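Thanks for asking me to look this one over with you.

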Amino acid sequence: MPLPLIVTEDGLAGRESLTPLLHYQVSTLLQAGFGWSALPTGLRSLFCLCYYKGEVENGGHGQFMSNAVGFHGGVPVRILAWAAEGARDLGLTETGAVIAAFQEWINAHPDDLVALADLDIDRPEDIKGLDQQLYQADRDENGTDLAEARADAKLRDWQPRIVVGQDELSTRLREQAQG
């Protein structure tokens with residue numbers, strides 16, 4: 001049986017976002033020694049997309065590179081490739097274009113990757129431009145980020161899933177991680 005997504009009743013009902021729960025579940029599994037390849041492809045790509053967006057929106061592409069290096073044995077370019085899959089799966093063409101442009105920048109500047117991950121330096125202007133593009137990408141007429149809304153909708157429909165109360169969430173995630 002594929003690895004089930006564990007969601008709360010409130011998340012399934014739309015009263016809270018499911019993307020933080022996905023982050024919690026994947027982080028718990030990776031911390032317990034699950035490999036990236038043990039994660040269902042669709043969940044891994046959604047997680048990587050949300051991780052990428054969260055890191056860039058919090059501190060730019062440099063922060064993404066810096067934090068992805070140490071994230072449970074993650075390799076930034078691999079996480080980025082999975083994030084691109086997530087953007088395609090959700091129909092986020094603008095986000096996908098920013099990811100593709102960043103992948104091109106990485107390929108063109110392999111010697112600059114260590115410096116880019118150094119949070120104490122000033123970012124190149126082209127990277128700052130990509131940061132700004134991502135901040136504006138795939139938003140509706142009210143400025144709402146479509147990535148989280150579409151990811152939540154996909155997660156609400158995910159099968160297999162286990163629905164738990166908020167008070168059971170941590171226990172169920174630990175049990176899942178222990179096998």
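1. Helix α2 covers residues 19-31, and its 13 residues reach 18 Å from the first C-alpha to the last, close to the 18 Å expected at 1.5 Å a residue. That expected span is 1.5 Å times one less than the number of residues. Helices here are DSSP runs of H or I with at least four residues, strands are runs of E with at least two, and both are numbered from the N terminus. After α2 comes Gly33, which has a positive phi near 105°.

2. A word on the ground rules, before going further. This is a predicted model, in which local features need pLDDT of at least 70 and side-chain atom pairs count only at pLDDT 80 or more, while totals for chains, interfaces and linings use all residues. Residues are numbered from 1 along each chain as its sequence is written, and side-chain values use heavy atoms, with hydrogens and water left out.

3. Which residues of α2 are buried? They are Thr19, Leu21, Leu22, Gln25, Val26, Ser27, Thr28, Leu29 and Leu30. Buried means under 20% relative accessible area, exposed means over 50%, and partly exposed lies in between (1.4 Å probe, protein chains only). The buried residues of α2 pack against β1 (5-8), α3, α8 and α9 (169-178), where contact means heavy atoms within 4.5 Å.

4. Next, the core. The largest nonpolar core has 52 residues, and those touching the most other members are Leu22, Trp36, Phe47, Tyr52, Phe64, Ile99 and Phe102. Helix α3 gives the most to this core, with 11 residues. Such a core is a set of buried Ala, Val, Leu, Ile, Met, Phe, Trp, Tyr and Cys residues joined through side-chain atoms within 4.5 Å.

5. Leu134 leads on to helix α7, where Leu134 is buried together with Ile127, Leu130 and Asp131. Seen down the axis of α7, the buried residues fall within an arc of 105°, so they line one face of the helix; the arc is that of the directions from the helix axis to the C-beta atoms. Their cover includes α3 (41-69), α5 (93-108) and α6 (113-117). On the face turned away from this buried side are the exposed residues Glu125 and Gln136.

6. The dimensions of α7 (residues 125-136) are simple to check: 12 residues reach 17 Å from first C-alpha to last, close to the 16 Å expected at 1.5 Å a residue. Asp138 follows α7 and has a positive phi, near 50°.

7. How many salt bridges does the structure hold? There are 6 salt bridges, each being a side-chain nitrogen of Lys or Arg within 4 Å of a carboxyl oxygen of Asp or Glu. One of them joins Lys128 to Glu125, with the closest N and O atoms 3.4 Å apart. Both lie in α7, 3 residues apart, about one turn of the helix. Lys128 is partly exposed at 27% relative accessibility, whereas Glu125 is exposed at 59%.

8. Please also look at Glu57, which pairs with Lys53 at 3.0 Å between the closest N and O atoms. The two are 4 residues apart in helix α3, about one helical turn. Lys53 is buried, at 4% relative accessible area, and Glu57 is partly exposed, at 33%.

9. Glu57 also meets the side chain of Arg139 in a salt bridge (3.9 Å, N to O). Arg139 lies in the loop between α7 and α8 (146-156) and Glu57 in helix α3, so the pair ties together parts that are 82 residues apart in sequence. Arg139 counts as partly exposed, at 29% relative accessibility. Lys53, Glu57, Arg139 and Asp145 are linked in a network of salt bridges.

10. Arg44 is buried yet has no salt bridge, and Glu85, the nearest side chain of opposite charge, is 4.8 Å away. For this search Lys and Arg count as positive and Asp and Glu as negative, while His and the chain ends are not counted. Setting aside neighbours within four places in sequence, Arg44 is in contact with Trp36, Ser37, Leu39 and Trp82.
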